[in-house]
Amino acid sequence: MASLTLPRRLDPEQGRNAPPFAKIITSPAAFELRNLAVTYGAIPVLRGIDCRISEGAVTAIMGPSGCGKSTLVKTLNRTLELTAGIRVSGEVKFRGQDLYAASIDPRSVRRTLGIIHQRPVPFPMSILENVLFGASFHGRINGEDRIDYARRFLERVSLWEEVKDRLGDRAECLSGGQQQRLCLARTLATKPSALLLDEPCSALDPYATRHIEEHVRDLKRDFPVVIVTHNVAQARRVSDYVLFIYEGELIEAGPTEHVFAAPSSRLARDFISGQFG
Amino acid sequence: MSAWVEPLRPSAIAADRLYVALGWLAGAIGFALPLGIVGFLVVEGIGRISWDFLLLPPMGYPLGSSGGIAPAIQGSLALVGLGLALALPLALASAIGLSEYVEPSGRMAKALRFAAESLAAVPAILYGLFGYTVFVVFCRFEVSLLSGALTLGLMMLPIILIGTHAALQAIEFELRESALALGVSRSYAMRRIFLPRALPGIVAVTVLAAGHAVGSAAPVMFTASVAYARGAPALDAPVMTLPTHLYYIVSEALDLEQAYGTALVLVIGLLCANAFAMLLRRWLIR
């Protein structure tokens, strides 16, 4: 325990001399972020983010509302650029490849790194068409029977039994929890290499939340999962690593149990103990 | 017994009552006006409505004092149908381009929007004069169905463009984001999600534009219409239209009942088109 060096960045001045997180977490990195900064118009949203996100694990990004968690996760698959007025600088690498290189098509980044948003957004079409929407664009179905293909992913999110007799119904008819699992199936059907979840349970009831959390733990066997949450308990339940963000800066990062047992910064300690957030 | 629940101030109650009364008055006027117009036309014109009136050409001397308005109905439908066939694809393409491919806060977008809005505000008679100068004289299309349809198309274009653009802009950011986050192209998302989502709005504005066009005499007066035509409408021949026919009958003071009949057919046609659009809209939204 004592030999483990936790990152310390109590104040920005001290942060400059602290070792980069890259050197601390030793498991292979899926994402490497170097000096990532985001501005919205003239307002800085994220500043000087340096970190690694591990393979085959769930990494939770936590912090109070408005701290830049969602912004951070959206920079990982370049969906942030869909918002007008955003400027991203610094470096984001996925498995060694610079995602912001000029030769990279942002659309292929988005396909490779699937994202689930806060509120489930069913597309205005049938349940089956929803699952196949991205997959058929990317030519993933490859002559396989459309229903069989969709079934694999609906089973993966335990939705198949609930919808198998009404695949032609409009997706808006499903409940909130079912819609969020449908969105998960829709993203998985494009066969991504990593999964990003932006507060996927914030619009769901506790039962549906538990359902999604079970899937999150299950999914990390196949790829790295990044989950944004302002819910401390959820971060503790589902994640292996946490990144704690406060006012656009990375305050603390490390294995979940260590950060929760012995947060090195006062901010993180206060946040974890529920003093603010 | 002390009153824990204090009554509101009488002045606040009176002001609220006045507000409600004014609201009802405004609503009643808005309802009574179209009802009054249609009612008046029904009372004055229903006597003339018959199969003969709908299916026969104008007859009698002076022409139009008896007989029917069949060629005018045909001509109006042909003009608007052809005009829509020209305007709709162009308006949809412009609206999609403006909404998806032009930097929304940039100069280009502002200039395009301003141009479309100005175009929609141009008076109908100016479209008529422009159509006459360009299509009839310069392009040598003569006074014909083609010239009139082009002119009406120009008149409908900005209305459909602005309405379609508004319908596309009304699509929630979350839907856009979720669709594009799957890494699909904008054109695929447009075809599969954004256009279907905007379709009810597009239908509504298209019917509005078509109704506006079918009832306008000014744009077709110099470009397409004549006092008398018969047979099926042809591209290179002039046609009769309902509004210009109405104008002729009234200005020649031939037979006012014939005029009311014509007006009634025009208004009922527009009502049917609007009702159909509403049903289609409801069916599309589901």
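Two strands count as paired if DSSP finds at least two bridges between them, and the strands themselves are DSSP runs of E with at least two residues, numbered from the N terminus, while helices are runs of H or I with at least four. Keep in mind that this is a predicted model, where local features need pLDDT of at least 70, side-chain atom pairs count only at pLDDT 80 or more, and totals for chains, interfaces and linings use all residues. Residues are numbered from 1 along each chain as its sequence is written, and chains are lettered from A and ligands numbered from 1 in the order in which they are written.

Let's start with the open sheet in chain A, where 4 strands follow the order 2-1-4-5 with antiparallel pairing. Its edges are strand 2 (43-54) and strand 5 (97-98) of chain A, each pairing on one side only. Strand 4 (residues 86-94) of chain A runs antiparallel to strand 5 of chain A and is joined to it by 2 bridges; in strand 5 of chain A, A:D98 stands opposite A:K93.

Now move along to strand 7 (residues 194-198) of chain A. It is largely enclosed by the rest of the structure, because 5 of its 5 residues are buried (20 or more other C-beta atoms within 10 Å of a residue's own, with C-beta atoms placed from the backbone). A:A194, A:L196 and A:D198 cover one side, and A:L195 and A:L197 the other.

Strand 7 of chain A pairs in the parallel sense with strand 6 (residues 113-116) of chain A over 4 bridges, and A:L197 is the bridge partner of A:I116. Another 4 bridges join strand 7 of chain A to strand 8 (residues 225-229) of chain A, also parallel.

Conventions:
A residue is buried if 20 or more other C-beta atoms lie within 10 Å of its own, exposed if 12 or fewer, and partly exposed in between; C-beta atoms are placed from the backbone.
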